[in-house]
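Dear colleague,

I am handing over the structure we spoke about, and my notes on it follow below. Please read them beside the model itself.

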Amino acid sequence: MGVDCEFKQFNKGLQFFIQGDLDKAIACLDIAIRLAPRYSNAYWLRGQCRNTYEEGIPDFCIALELEPDVPDYYEKRAEAYYYCEDFKAAAKDYSEVIRLRPGFSIGFSGRGDTHKEMGEFELAIKDYDDALKLEPDAVWQYYSRADCYR
């Protein structure tokens, strides 16, 4: 098998992911990973194809072990932790997103959401303020910030 084979499998997996055929996407990504076990993007995408957020976390962890400086990997794992209600882990990963990509409002708003869920409203408001500085037209961030004042 040549170097191109894992990329072909990844691209096929990506197409199936876009089409919503997650079982076929996972099958292609499994092949890509078998051909290139250090192919971090394949783990990242496979994590997004899993049936539950909890099932995706191990793939996101492997992707991060292979490439620890990719903010998209932290963002997806943070999202998974958030929906699994592991808010401390989500906040930690969103902090990494902010460190690696400080101009990305999703890092601040995601961490704000986790602080809000933990009842840390002052921290949440600060994060929403920082997110709004980067993306002032994001109406949903105003709503999230306002919700902290209830």
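**Salt bridges and a helix pair**

A search of the whole structure finds 15 salt bridges, each being a side-chain nitrogen of Lys or Arg within 4 Å of a carboxyl oxygen of Asp or Glu. This is a predicted model, in which local features need pLDDT of at least 70 and side-chain atom pairs count only at pLDDT 80 or more, while totals for chains, interfaces and linings use all residues. Residues are numbered from 1 along each chain as its sequence is written, and side-chain values use heavy atoms, with hydrogens and water left out.

One of the bridges joins Asp127 to Arg111 at 2.7 Å, N to O. Asp127 belongs to helix α8 (residues 121-134) and Arg111 to helix α7 (residues 105-117), so the pair ties together parts 16 residues apart in sequence; helices here are DSSP runs of H or I with at least four residues, numbered from the N terminus. Both Asp127 and Arg111 are buried (under 20% relative accessible area, with exposed over 50% and partly exposed in between, for a 1.4 Å probe and protein chains only).

Asp69 and Arg99 also pair, at 3.9 Å, N to O, and Asp69 is exposed, with a relative accessible area of 54%. Within helix α5, Lys76 and Glu79 lie 3 residues apart, about one turn of the helix, and their side chains meet at 3.2 Å, N to O.

Helices α3 (residues 40-49) and α4 (residues 53-66) pack at about 160°, their axes 8 Å apart, and are therefore roughly antiparallel (angles over 145 degrees, taken from 0 to 180 degrees between N-to-C directions of axes fitted to C-alpha atoms over the stretch in contact, where contact means heavy atoms within 4.5 Å).

Best regards

Conventions. Helix = DSSP H or I, 4+ residues; strand = E, 2+ residues; numbered from the N terminus. Parallel < 35°, antiparallel > 145°, perpendicular 65-115°, else oblique.
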